[in-house]
Amino acid sequence: ENGDSAELTPANAAARLLCADHLLQLNILERFIPAQADVGAFRQFLAKVLPVVVTLESDSRLDAVVGSQEAVEIRRLASEYRRLLSAAQMFEPADAIASLNTGEAEYWLFGTELLEDFAENEALLRECLRVHIEKISEEAGSASVQLEWHSNVKTEARLAIQRVHGLLKADVPCRDIALSLANPEEILPHLLREARLQGVPLNVRIGDPLDATPGAVVLTAFSSLSSSGMAYTDVRDFCLNARIPFRFPNRMRALVAFGRRWRCWGRLGSYDMWKDAFQRASSQALEKEFGQGGTFFEPYPGVTLEDVQLAYSSLESAVRRVRSAGSFLQLRQYFFAWYTDWVDPDGWDEASEREFQRCLEILSSLVDMEQRLDIQISSPYRLFQETLAGSTYVQSGGSGVAVHPYRLVAGGWVPYSFVLNVHQEAVEVLQGGMSFLRDDQQEQLEIAARDATEFFLDAYLQSGGRVHVSGNAGPQEKMH
């Protein structure tokens, strides 16, 4: 319970991000962040350190460690952040837990070393008789662990798939095997190739940034369309995107052909090549080509010059309004005003629709949080883009041997666990810290980044009945 009110809710990542955006506009950290700095460049950074900032406000060592003027800024930042949360009936969990009431329920916590803020609350949890803490380091290791080192990543991937293939031939079900990849981008392409060659089904659960998924393009493409001044190549890529179920695909194809015919490379200052081209195409001299039933429209039955012009003007207006929206609510309204008229909501393929719906869920959560905090956001569309880029999306379903990124299933257990591409850089896990302070200052304030690398390795070494851990010498065949 937090204080005297059970109505308060904990601040989440969205709340911290919006608060960070607002606080940066107040230019509180003048001695740490340049006044002329772009808000977007520091927004994600500040959002991550806000939980630490509030714990420093009452720290008596702060002035001596960072200097009196710097301490004033940090305390003001913490005070403003707490004020925003309080007005929104929220609290920062890192700062506000005062007591714990579990009622009649019993709780078991496993692998607590892996939790970033567990140490701050361990004493409180241990006082509660109904909370049972099981640390990885206290568990008796019973796994059979095999360690291997390979000269290169291709060999490592090939031998791992060979072992998985052998298990499958021995009738071990896919669900009893799991692969965890450190730095997946280094080894996954080789793993997929070997799996295809050896007929091993893989269910890759690595995920992609949400903004890079096909279903998100109908939202994210507005950025490139705007920044390029509606350049032909960006309009072409958007209008011909087969994943977007346009209501009038013939009109969109005609728009692309029109832009190619008139070389509409974009906007030059206030001069819009598209609008100029439409004006010239509607002249009496070009009636045979662009008039009703003109030769230009023969490949696009039923489409007229007015239809094409409307497709362009509607899209251009939507892009301009969405990019300049003053709030997330406005952004959503402007987008759907265009979307309703030009996209068929029932035409999505199943996978892309799930991706698109996830984008809308995030947008709705930002709308709700903005209204709850009652603050002005510097650039709603840009912040929305950042949020999509920072959200990892994994499609549901799939079959085969599960492939996970390192850390994701640490502490889990399967009969056969493979941990691949292990090297120092890939498995290092640092939690917390406040990077705008020097290392020695962080240590004196006891907020230095915590090295959890060993805890995650311990968790993986007990992640199966048989655990296979391997690494490779890297691209230059040197230890890394």
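User: Is Arg 163 buried, partly exposed or exposed?

Analyst: Arg 163 is partly exposed, with a relative accessible area of 28%; here buried means under 20% relative accessible area, exposed means over 50%, and partly exposed covers what lies in between, with a 1.4 Å probe and protein chains only as cover. Please keep in mind that this is a predicted model, in which local features need pLDDT of at least 70 and side-chain atom pairs count only at pLDDT 80 or more, while totals for chains, interfaces and linings use all residues. Residues are numbered from 1 along each chain as its sequence is written, and side-chain values use heavy atoms, with hydrogens and water left out.

User: What do the side chains of Arg 163 and Glu 148 form where they meet?

Analyst: They form a salt bridge, with 2.5 Å from N to O; the term stands for a side-chain nitrogen of Lys or Arg within 4 Å of a carboxyl oxygen of Asp or Glu. The pair links distant parts of the chain, since Arg 163 belongs to helix H7 (residues 153-169) and Glu 148 to strand S5 (residues 144-150), 15 residues apart. Helices (H or I, at least four residues) and strands (E, at least two) are DSSP runs, numbered from the N terminus.

User: How many salt bridges are there by this rule?

Analyst: The count comes to 22. One of them joins the side chains of Glu 386 and Arg 43, again at 2.5 Å from N to O. Glu 386 sits in helix H17 (residues 380-389) and Arg 43 in helix H2 (residues 39-56), so this pair ties together parts that are 343 residues apart in sequence. Glu 386 counts as buried because its relative accessibility is 16%, and Arg 43 counts as buried at 1%.

User: Which residue does Arg 382 form a salt bridge with?

Analyst: Its partner is Glu 386, with the closest N and O atoms 3.7 Å apart. Arg 382 and Glu 386 both lie in helix H17, four residues apart, which is about one turn of the helix. Arg 382 is partly exposed, at a relative accessible area of 34%. A network of salt bridges links Asp 21, Arg 43, Arg 382 and Glu 386.

User: What is found at the start of H1, and what follows H1?

Analyst: At the start, a side-chain oxygen of Asn 12 reaches to within 3.2 Å of the backbone nitrogen of Ala 14. After the helix comes Asn 27, whose phi is positive, near 55 degrees.

User: Changing topic, how many disulfides does the structure hold?

Analyst: It holds zero disulfides, a disulfide being a pair of cysteine sulfur atoms within 2.5 Å. Cys 264 is in none, and the nearest cysteine sulfur, that of Cys 239, is 12 Å away. Cys 264 is also buried, with a relative accessible area of 0%. For Cys 359, the closest cysteine sulfur, in Cys 239, is 19 Å away, which is too far for a bond, and Cys 359 too is buried at 0%.

User: Which residues make a nonpolar surface patch?

Analyst: Val 145, Leu 147 and Leu 461 make one of about 260 Å². Patches are made of residues with over 30% relative accessible area and no salt bridge, where like charges are joined within 9 Å and nonpolar side chains (Val, Leu, Ile, Met, Phe, Trp, Tyr) within 5 Å; the areas come from the Shrake-Rupley method with a 1.4 Å probe, and for residues only the protein chains shown count as cover. Leu 461 lies in helix H20 (residues 453-461) and counts as partly exposed at 32% relative accessibility.

User: And how far apart are Ser 180 and Val 422?

Analyst: They are 242 residues apart in sequence and 9.7 Å apart in space, C-alpha to C-alpha. Ser 180 lies in strand S6 (residues 177-181) and counts as buried, at 2% relative accessibility.

Terms used
Polar contact = N/O pair within 3.5 Å; in protein donor to acceptor, adjacent residues only side chain to side chain.
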